Amino acid sequence: MINADKIVAVVNPDAAPIKRMVQSSKGTMSLIDATQGRKTKAVIVTEDDHLVLSALQTETIARRVSGIYDRVSDTYDTEGKDDSHE
């Protein structure tokens, strides 16, 4: 699991600059391979310059992260409201 607050970008691994970033990170502690042997479909860049290789598509990750923020904002929107006095 990745803390959604720490995600800077979710990018396509086929872009040349991303390929160079992944290659330069190989063999270091800043590259995390979370593909479980499957094809890399997205690279997650974190605040602390870690790269996470993912088998999920960029759109799927973006939707899931967006869903987390939607649920959190819904929680804050409903807290403190008392519907019994309407």
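**Exercises on helix α1**

Met21 is placed in helix α1, which spans residues 16-25. The model under study is a predicted one.

**Exercise 1.** Determine whether Met21 is buried, partly exposed or exposed, and identify which residues it touches beyond four places away in sequence.

*Solution.* Step one: the relative accessible area of Met21 is 34%. Step two: buried requires under 20% and exposed requires over 50%, so Met21 is partly exposed. Step three: leaving aside residues up to four places away in sequence, Met21 touches Val45 and Leu51. Step four: Met21 and Leu51 stand 30 residues apart in sequence, while their C-alpha atoms are 8.4 Å apart in space.

**Exercise 2.** Classify Ser25 as buried or exposed, and list its contacts beyond four places away in sequence.

*Solution.* Step one: Ser25 also belongs to helix α1. Step two: its relative accessible area is 9%; this value is under 20%, therefore Ser25 is buried. Step three: with residues up to four places away in sequence left out, Ser25 touches Ser30, Leu31 and Leu51.

**Exercise 3.** Explain how the buried and exposed residues are arranged around α1.

*Solution.* Step one: the buried residues of α1 are Ile18, Val22 and Ser25. Step two: these residues lie on the same side of α1, because they cover an arc of only 70° around the axis. Step three: an α-helix has 3.6 residues a turn, so residues three or four places apart point the same way. Step four: Arg20, Gln23 and Ser24 are exposed on the other side of α1. Step five: the cover over the buried residues of α1 includes β1 (7-11), β2 (31-33), β3 (42-46) and β4 (51-54).

Notes: Residues are numbered from 1 along each chain as its sequence is written. This is a predicted model: local features need pLDDT of at least 70, side-chain atom pairs count only at pLDDT 80 or more; totals for chains, interfaces and linings use all residues. Side-chain values use heavy atoms; hydrogens and water are left out. Helices (H or I, at least four residues) and strands (E, at least two) are DSSP runs, numbered from the N terminus. Buried means under 20% relative accessible area, exposed over 50%, partly exposed in between (1.4 Å probe, protein chains only). Contact means heavy atoms within 4.5 Å. The arc is that of the directions from the helix axis to the C-beta atoms.
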